Amino acid sequence: MVSVQSDRLDSGQPREELLVPSSVKIVVAGGFGVGKTTMVGAVSEITPLRTEELLTEAGTQIDDLAGVEGKNTTTVALDFGRITINPEVVLYLFGTPGQDRFWFMWDELSYGAIGAVVLVDTRRLDGGFGAIDFFERRGIPFVVAVNCFEGGHSYSEDEVRHALDVGDNVPLVLCDARDRESCKTVLARVIEHAMSKLDHAVA
């Protein structure tokens, strides 16, 4: 474990130095088509590993494309990216596939993660229920990140919390999955939330 106060990954909120592992794993999860691959690609300092395949005619009969009719590829295994927070700390990102039929992979991808991002789309908030339930059941700290799509509905934080049935103990942030700085803010909140939960567990 090392003590970190980095200017490379900052939520913009004042905080004390955080004690974080030298290698940090965060999972980026959520429903189909919410922007997980986009987020990993936007923030990663390396060319992200992607396992995307073209959506087939058979797949469109299974996957719900409502609200994402223009989507023509889908993640079938994982997305992988990396961020160097400082010379001593490296953050590894693992993006999950969003379709229900690939959920058997989530346990493996989440193993060893200090926390997770549950990315949601206000046009299809129900797509976030499965991910929220997954991390709650396993006791993995998570942050809900609302990806603000153009043309999407604008809701207050209270309205989103009520719709997703998450309490004030779960951080909720607005973001743009295409924007590197916005994604860095989300990841900083995950680290802060995970370390806070760990501090409370140890105390």
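**Salt bridges in the predicted model**

At 54% relative accessibility, Arg178 counts as exposed (over 50% relative accessible area; buried means under 20%, partly exposed in between; 1.4 Å probe, protein chains only). Asp176 counts as partly exposed, at 23% relative accessibility. The side chains of these residues, Asp176 and Arg178, meet in a salt bridge (2.9 Å, N to O). Salt bridges that share partners also join Asp121, Arg123 and Arg124 into one network.

The model is predicted: local features need pLDDT of at least 70, side-chain atom pairs count only at pLDDT 80 or more, and totals for chains, interfaces and linings use all residues. Residues are numbered from 1 along each chain as its sequence is written, and side-chain values use heavy atoms, with hydrogens and water left out.

A salt bridge is a side-chain nitrogen of Lys or Arg within 4 Å of a carboxyl oxygen of Asp or Glu. By this rule the count comes to 10 salt bridges. One of them pairs Glu45 with Arg82, with the closest N and O atoms 3.2 Å apart. This pair links distant parts of the chain, 37 residues apart. Glu45 lies in the loop between α1 (36–43) and β4 (49–54), and Arg82 in strand β5 (residues 73–86). Helices (H or I, at least four residues) and strands (E, at least two) are DSSP runs, numbered from the N terminus. Glu45 is partly exposed at 31% relative accessible area. Arg82 is partly exposed at 30%.

Arg161 forms a salt bridge with Glu157, the closest N and O atoms being 2.9 Å apart. Both residues lie in helix α5 (residues 157–164), 4 residues apart, about one turn of the helix. Arg161 counts as buried, at 7% relative accessibility, whereas Glu157 is partly exposed, at 40% relative accessible area.
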